[in-house]
Amino acid sequence: MIQWGKECGRVKKRKKCVTAPITLPRLDTATLAELRQRYEDTPNVESRTRYQMILLAQQEYKVPQIARMVLRSEDTVARVLKRFVAGGLDAVPRRSPPGRERRVTAAWEAELLRVIELDPHEVGQDTANWTTELLAEYLGQHTGIQVTEETVRVYLHVHGYGGLASHLDGCQRKAEAQAN
């Protein structure tokens, strides 16, 4: 890993940080077979790359060499190898990113996809056209999950209603302009 030092905003000399080499113990036949099986079977590209890092380390490649081969940083390779040493094969796949839990449920999505195909009058609405705001309100009342109209727009895009979401937003702006 190469770091650059700074002094009063100016770059000073380049220094090489040497990290301790990570050496993995030789894997027994069963663990190596399981590793190869996971490498072959995983549908997740990032997890597959991480299993590949372990396989390369078993072939006695060093962290910088592995990083160049798999097109990842040395830090990432070192982190994956350390996780493997500490937790075995189950610690290798990429973890879910931190953040807020998803509020939208499968039932909410199913209801969105159901009502978007219906005329709003069919579900008791007093308008001829859906808007993202109206969809958000309707779904909140019928599923108990309150979301913003932006969330509705995003899910419409995800399910192939991208043009419709833009159209609904346009209808909403037109209605607001006429009301003023």
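## Surroundings of Arg-83

In this predicted model, Arg-83 makes contact with Arg-50, Gly-88, Ala-91 and Arg-95, if its neighbours within four places in sequence are left aside. The residue belongs to helix 4, which covers residues 74–87. Although Arg-83 is buried, it has no salt bridge, and the nearest side chain of opposite charge, that of Glu-46, is 8.6 Å away.

## Salt bridges

The structure contains six salt bridges, and Glu-46 takes part in one of them, its side chain meeting that of Arg-72 at 2.7 Å, N to O. Because Glu-46 lies in helix 2 (residues 45–58) and Arg-72 in the loop between helix 3 (63–70) and helix 4, this pair ties together parts that are 26 residues apart in sequence. Glu-46 counts as buried at 16% relative accessibility, whereas Arg-72, at 28%, counts as partly exposed.

Within helix 1 (residues 29–41), Arg-38 and Glu-34 lie four residues apart, about one turn of the helix, and form a salt bridge whose closest N and O atoms are 2.8 Å apart. Both residues also belong to a network of salt bridges that includes Asp-90.

## The two sides of helix 5

In helix 5 (residues 106–116), the buried residues are Trp-108, Glu-109, Glu-111, Leu-112, Val-115 and Ile-116. They cover an arc of only 160° around the axis, and therefore lie on the same side of helix 5. The face turned away from this buried side carries the exposed residues Ala-106 and Ala-107.

Glu-111, buried with a relative accessible area of 15%, forms a salt bridge with Arg-114, the closest N and O atoms being 2.8 Å apart. Arg-114 itself counts as partly exposed, at 41% relative accessibility.

Conventions: Residues numbered from 1 in each chain as written. Predicted model: local features only at pLDDT ≥ 70, side-chain atom pairs only at ≥ 80, totals over all residues. Heavy atoms only, no water. Buried < 20%, exposed > 50% of the residue type's maximum accessible area, 1.4 Å probe, protein only. Lys, Arg positive; Asp, Glu negative; His and termini not counted. Salt bridge = Lys/Arg side-chain N within 4 Å of Asp/Glu carboxyl O. Contact = heavy atoms within 4.5 Å. Arc of directions from axis to C-beta.
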